[in-house]
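Dear colleague,

Please read slowly and keep the picture open beside the text.

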Amino acid sequence: MKRYPQYKDSGVNWLGDIPEHWEVKKLKYIAQIVLGKMLQGNSSGNDYLKPYLRSANIQWNKPDVSDIKQMWLTKNEMNSYLVKSKDILVSEGGEVGRACIWNNEIEECYIQNSVHKITCTQKYSAFYIYYQFYIIGQKGYFESIVNRVSIGHLTREKLINIKFIIPPLSEQKKIACFLDSKLEEIDKFISNKQRLIELLKEQKTAIINRAVTKGLNPHAPMKPSGIEWLGDIPAHWETLPLKHIAKIQTGVTLGKSYITASLETRPYLRVANVQDGYLDLSDIKNIDLPKNEVNRYILKAGDVLMTEGGDVDKLGRGY
């Protein structure tokens, strides 16, 4: 991608310089913006039950229409809140500013008041403007401007005053087409890598299963293990209950009250720290224990940790 001959200051702090012939405009000068309808409990008598989109349906790149609910609308409201092809849909709550383009994923659909509908005028490419929404979101700008008490809300007033970079329409279309092509390549690459990762995981499980249950000698004589899921094992191997192989210790009970003045504060592991084959030590909590119980619960190198709740039987090794 070649540099343009001349650049200028965009006037937008996070953006910096832009090509000299480009403009910066607020969204209200680029498109019509409509916030969806507030849900009503029952029909007023002249309403129609119609499918609608809420914040959870708005995902980056395309809407998720796997779970569509219905709402009551009058004929006038249907005209206002109907979603049309190439409308940009923007989440008003949740991950504020999350956006996608509507491509008539279902025949007729409307928006609830957790979604903004943006309809670009003819001078602007909806696809180009969508890609700017993506960049603005990735840079955390939406989060910096939302009204936040407990949950952030991207109000219409905030949204319409966000500044967008505007090249000539022909350049907008070229940029959007370039990004469509490049991102399709990247998505295919990611999909192929994810499939490869899944195949490697399957291979990893198969290798571990073979070595642990059948040994390393493929020619060793075998015998029934007496365990249904295990099948045959090498003839010279045994099967024993875990209690005959290892010492098993459950963890400290949280919230237990100790009537003693002799306590020690120690770090401890919980279910979230025990992952498949490793320990996640990024978030370690502390607990107060009586000094005489520290040795009972302390971990030593080589200990195997197994979750008792959550993802049951997840294993991690102590180091």
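Two strands are said to pair if DSSP finds at least two bridges between them, and the helices (H or I, at least four residues) and strands (E, at least two) named here are DSSP runs, numbered from the N terminus. This is a predicted model, in which local features need pLDDT of at least 70 and side-chain atom pairs count only at pLDDT 80 or more, while totals for chains, interfaces and linings use all residues. Residues are numbered from 1 along each chain as its sequence is written, and side-chain values use heavy atoms, with hydrogens and water left out.

**The sheet and the helix across it**

Strands of a sheet pair through backbone hydrogen bonds, either parallel or antiparallel. In this model there is an open sheet of four strands in the order E4-E10-E7-E8, and the pairing is antiparallel. E4 and E8 are the edge strands, since each of them pairs on one side only, and neighbouring strands of the sheet are turned against each other by 20° on average, direction ignored. Five bridges join E4 to E10, and these two strands run antiparallel; within this pairing, Ala31 has Cys120 of E10 as its bridge partner. Helix H2 lies across E7, E8 and E10, and runs at about 165° to E8, where axes are lines fitted to C-alpha atoms (for helices over the stretch in contact) and angles run from 0 to 180 degrees between N-to-C directions.

**The nonpolar cores**

In soluble globular proteins, nonpolar side chains tend to be buried together. A nonpolar core here is a set of buried Ala, Val, Leu, Ile, Met, Phe, Trp, Tyr and Cys residues joined through side-chain atoms within 4.5 Å, and buried means under 20% relative accessible area, exposed over 50%, and partly exposed in between (1.4 Å probe, protein chains only). The largest nonpolar core has 33 residues, and those with the most contacts inside it are Leu27, Ile88, Ile118, Ile129, Phe133 and Phe164. Among the elements that give two or more residues to this core are strand E4 (31–35), strand E7 (88–91), strand E10 (115–120) and helix H2 (126–138), and H2 gives the most, with seven residues. Apart from this core lies another, of 15 residues, which includes Leu73, Cys109, Tyr110 and Val115.

Which residues does Ile88 touch, not counting residues up to four places away in sequence? Taking contact to mean heavy atoms within 4.5 Å, the residues that Ile88 touches include Ala99, Ile101, Ile118, Ile129 and Phe133.

**The salt bridges**

A salt bridge is a side-chain nitrogen of Lys or Arg within 4 Å of a carboxyl oxygen of Asp or Glu, and by this rule the count comes to nine. In one of them the side chains of Glu108 and Lys50 meet, at 3.4 Å from N to O; this pair links distant parts of the chain, with Glu108 in the loop between strand E8 (99–101) and strand E9 (110–111) and Lys50 in strand E5 (residues 48–53), 58 residues apart. Glu108 is partly exposed, with a relative accessible area of 27%, whereas Lys50 is buried, with a value of 17%. Glu264 forms a salt bridge with Arg266, and their closest N and O atoms are 2.8 Å apart. Arg54, Asp67 and Lys69, in turn, are linked in a network of salt bridges.

**Two residues in loops**

Asn61 lies in the loop between E5 and strand E6 (69–73), and counts as partly exposed at 49% relative accessibility. Not counting residues up to four places away in sequence, Asn61 touches Ala99, Cys100, Ile101 and Tyr130.

Ser225 has its place in the loop between strand E14 (222–224) and strand E15 (232–234). Is Ser225 buried or exposed? Ser225 is buried, because its relative accessible area is 10%. A polar atom of the Ser225 side chain lies 2.5 Å from the backbone oxygen of Gly231, and the residues that Ser225 touches, not counting those up to four places away in sequence, include Leu230, Asp232 and Thr239.

With kind regards

Definitions and conventions: A polar contact is a pair of N or O atoms within 3.5 Å; within protein, one must be able to donate a hydrogen and the other to accept it, and residues adjacent in sequence count only if both atoms are side-chain atoms.
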